[in-house]
Amino acid sequence: MKTGKVDILLGLQWGDEGKGKIVDVLTPRYDVVARFQGGPNAGHTLEFESQKYVLRSIPSGIFQGGKINIIGNGVVLAPDLFMNEAKELERSGHPLKTRLHISKKAHLIMPTHRLLDKANEMAKGKNLVGTTGKGIGPTYTDKTSRNGLRVGDILNDFDEKYRLHKERHLRMLAALGWTDFTGLDEMEKTWMEGIEYMKKFMFVDSEHEINHILRDGKTLLCEGAQGTMLDVDFGSYPFVTSSNTIAAGACVGLGIGPSKIGNVYGIMKAYCTRVGSGPFPTELFDETGARIRDLGHEYGAVTGRERRCGWMDLVQLRYSVMVNGVTELIMMKSDVLDGFDTIKACVGYVLPNGEKTEELPFDLNGVKPIYKEFKGWKIDMTKFKSEEQFPTEFKEYMKFLEDFLETRIGIVSIGPDREQTIVR
């Protein structure tokens, strides 16, 4: 029996690695693209033909001809935000309703989930996680406590199910002392419009659909959101998201057996960024960090928040390569470092007790990076068309990364446009 192949594409750092662009570059090789986890707190920015698009819930393969895109069961979906995103794409000429399928088992983010998100964050006081306030955490909490509302529920007695879930949330908010319900009625109205809009799409049992696709010998690309270091199990807990962002999450978030997985493409930046609270060993607080932020346009696609910037952390990356079983690396934003005299990469940590390590410890707080320095290449690479044009210093930097991470760098991005991508 012939069987198709499943490849996975995910971020290896703290998110914002540039997954959207690379999915768009890779999708011509695949028949189907599927999102396997996360919610509208993750924004994938794609730029081509002088247009910029930000995708929050819709898979990045939506721009590729008539390919099927699937929102998997591991995703949490906000109907109002989904409606806004989808309508914007439809206005730009992309016929979504024939291309996009939504898993019946995907959970719905309710308006009261957003209030619970804010109330929970307020209750933490100084120990803020830095949530985007989109209701992601409370939705996943409802899911794991077996109290969730799912896309398939829209098809049967939905109003009553919604009412019961909302009443439960209001009791929880009262217990947290939350009293600000400003705008809830308006939010609910738009949310219900989103529910009606969603009914125009095909709701599917995505695990069956995906496995039928594979049985027919077709190929599937699984797209992750956020990054490995935000994984609820293996990230810098508790400053993480509420789902499994690692490769194993694709099996759970789509209903695919592990034996079906082929390549795992791991995306990293040529430096490192982080949004929100939590430890970040290589963070730069000086003008170099500010320069990287400005050159890399490091501001959140969804929130507009300034991203914290620092040098590449190879200890953290080697850990991510390990837990994901990465088969090929993809390096983004290499051009951001074009003008630097010296480039640094963290190759070890000094722990608070003075010990040195090259393995990611249980607690990242208080660790100090040990850096290796590289001579900068000082050449504008944004117009390059092939790897033969890469300067010697950049080739040496890449060679060191490949040796340290024991994984090949297969694609190098040298600018935001689809064309500024060099496949080695």
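A: Start with arginine 305, which lies in the loop between helix H9 (287–295) and strand S13 (308–310). Helices (H or I, at least four residues) and strands (E, at least two) are DSSP runs, numbered from the N terminus. This is a predicted model, where local features need pLDDT of at least 70, side-chain atom pairs count only at pLDDT 80 or more, and totals for chains, interfaces and linings use all residues. Residues are numbered from 1 along each chain as its sequence is written, and side-chain values use heavy atoms, with hydrogens and water left out.

Q: Which residues does the UniProt "binding site" annotation cover?
A: According to the unreviewed UniProt entry, the "binding site" covers Ala301, Val302, Thr303, Gly304, Arg305, Glu306 and Arg307. UniProt positions are given in the numbering used here, feature names are shortened, and annotations may be inferred rather than shown by experiment.

Q: What does arginine 293 form with glutamate 306?
A: Arginine 293 and glutamate 306 form a salt bridge, with their closest N and O atoms 3.8 Å apart. Arginine 293 lies in helix H9 and glutamate 306 in the loop between H9 and S13, so the pair ties together parts that are 13 residues apart in sequence. A salt bridge is a side-chain nitrogen of Lys or Arg within 4 Å of a carboxyl oxygen of Asp or Glu. Arginine 293 counts as buried, because its relative accessibility is 15%.

Q: How many salt bridges does the structure hold?
A: The structure holds 27 salt bridges. Asp16, Lys269, Glu298, Arg307 and Lys333 are linked in a network of them.

Q: What about arginine 114 and aspartate 80?
A: Their side chains meet in a salt bridge at 2.7 Å, N to O. Arginine 114 is in helix H3 and aspartate 80 in helix H2 (residues 79–91), so this pair links distant parts of the chain, 34 residues apart. Both arginine 114 and aspartate 80 are buried.

Q: New topic: which residues of helix H4 are buried?
A: In H4 (residues 136–144), they are Ile136, Gly137, Pro138, Thr139, Tyr140 and Asp142. These buried residues pack against strand S6 (76–77), strand S8 (107–108), helix H3 (111–123) and helix H5 (158–175). Arginine 146 follows H4 and has a positive phi, near 65°.

Q: What does histidine 165 touch?
A: Histidine 165 has its place in helix H5. Leaving out residues up to four places away in sequence, histidine 165 touches Met110, Asn147, Gly148 and Leu149, where contact means heavy atoms within 4.5 Å. The side chain of histidine 165 reaches the backbone oxygen of glycine 148 at 3.4 Å. Histidine 165 is buried, because its relative accessible area is 17%.

Q: Last one: which domains does the assignment give?
A: The assignment gives domain 1 (5–103 + 203–265), domain 2 (107–199) and domain 3 (268–423). Domain bounds come from an automatic or database domain assignment. The centres of domain 2 and domain 3, taken over C-alpha atoms, are separated by 36 Å.

Notes: Buried means under 20% relative accessible area, exposed over 50%, partly exposed in between (1.4 Å probe, protein chains only). A polar contact is a pair of N or O atoms within 3.5 Å; within protein, one must be able to donate a hydrogen and the other to accept it, and residues adjacent in sequence count only if both atoms are side-chain atoms.
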